[in-house]
Amino acid sequence: MHSYSLLSSLLLLLPCVYSQNAPSSPKRGLVYVPNAEHLSDDSIWTTDSSPLTWYYNYESKPSPALSNSKLQFVPMLWGSSTTFLDDVTAQIKSGANISYVLAFNEPDGGGSTGGSAIPAETAAETWQREIEPLKKMGVKLGAPGVTGAPSGKVWLQNFFNACKGNCSADFIPIHWYGNFEGLASHVGEVRAAYQNLTMWVTEYAYNNMPLEETQNFYNQSSQFFDRIDYITHYSYFGSFRSSVSNVGPNAAMLTEKGKLTDLGSWYLGGSATGNVPRGGAGRNAVFAGSTVIVLLTSIWSFI
C-alpha cells in the first residue's frame, strides 16, 4: 500500500538546517573528476581526516593521482568494452582489493549529458562476457546505473529481460538530479522494484539551484541515506570547482579558488567554511557520467 500523505508529513520532519559539525559516514565515496589545471585539488579528498572510503572514475583502471590513497577503487564498465574483464582480473591478481564493480553509466542517456547510450540488449551481452565472470572471483556486481528519468526504469527492465536470468547483480546504483522529495520517491520506487538488492547512490545533486536550497538538499539527503540500511554507499556529484561545474556553482564542493565550500566540508565531516562558490562554467560544459535530467515524481512510501 502506498501512502503519499504520510511520507509527505515525515519528510517535513527531517532536519533542513545547515550542519555546523557534520557527521561523517563510511558509506561516502568520491566521484572522481580530475582537473588537469589544478592537480593539487586531488589531495583534498585524501587527507588523513577524510571519511571517504571508496571512489570511482568512470573507468576500469584506477587513477594514478589516488593510487596511494586509502580510498578503495571501484572499476566501472562505462559502455561497450572487450577489455574490462581482463583489466579487473589483472588488478585482482596484482593484489588490489577489488570488491565491487559498476556498469554502464546512464545507458539510457545521450552523450551530451555523459550517458553511454548503449542498447539494453547489447549491454546484456557485454555484461555476461565482461562482468558476470567476476562473480566467481568474489566481486559484487552493480547493476547498470540508469538515469532517474522514466527512460531509465524502462531500460533497466529491458536489460534484465535480455539477460534471461544470466546477469546476477548484487546491488543497484541510482542517479538523481532534483529536489529531495523527488529523490525520496525515486529511492522508494527502485526499492519496490528490486527488493532483493542493496542500493548505491552513485550520482546525486540538486542542480542549478540557489545556495540555501542546495545546502538544505544536501543535509536532508545525506541524513536520509545514513538512516537507510539498504543504502550501503553514496557519492555526491560535486568534487570539482564551482567555476567548471555543469550542475551549477552552488552544487560544487570547491569554490572557484579550490577551497572547500560549506557543502564540501560537510561531506568530509567538517564544519561550515563560509566559502561561497562562484560560477563560470558554460551552459554546455559536460563531465563524463553526469546528467541534468530532472524528474519530479510523486511521493512513494511503503505501509
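Hi everyone. A residue is called buried here when its relative accessible area is under 20%, with a 1.4 Å probe and protein chains only. Keep that in mind, because this is a predicted model and under 20% is the cut-off I'll be using for burial.

Let's begin with the aromatics. The structure holds 28 aromatic pairs. Take Tyr-56 and Tyr-58: their ring centres are 5.0 Å apart with 75° between the planes, an edge-to-face arrangement. Tyr-56 and Tyr-58 are both buried.

Now a second pair. How are the rings of Tyr-218 and Trp-266 arranged? Their planes meet at 20° and their centres lie 6.4 Å apart, so this pair is stacked. Tyr-218 and Trp-266 are each buried. Both also belong to a cluster linked by ring pairs, whose members include Phe-180, Tyr-204, Phe-217, Phe-224, Tyr-236 and Tyr-267.

One more ring for you: Tyr-230 has Arg-191 over its face, 4.1 Å from the ring centre.

On to the sheet. Three strands make an open sheet, ordered S1-S2-S3, with parallel pairing. S1 (29–31) and S3 (72–73) are the edge strands; each has a single partner strand, so one side of each lacks a neighbour in the sheet. Between S1 and S2, residues 54–56, the parallel pairing runs over three bridges. Which residue in S2 is the bridge partner of Leu-30? That's Tyr-55.

Thanks, folks, happy to chat.

Methods
Residues are numbered from 1 along each chain as its sequence is written. This is a predicted model: local features need pLDDT of at least 70, side-chain atom pairs count only at pLDDT 80 or more; totals for chains, interfaces and linings use all residues. Side-chain values use heavy atoms; hydrogens and water are left out. Two strands pair if DSSP finds at least two bridges between them. Helices (H or I, at least four residues) and strands (E, at least two) are DSSP runs, numbered from the N terminus. Rings of Phe, Tyr and Trp (its six-membered ring) pair if their centres lie within 6.5 Å; planes under 30 degrees apart count as stacked, over 60 as edge-to-face and the rest as tilted. Buried means under 20% relative accessible area, exposed over 50%, partly exposed in between (1.4 Å probe, protein chains only). A charge sits over a ring if NZ of Lys or CZ of Arg is within 6 Å of the ring centre and within 35 degrees of the ring normal.
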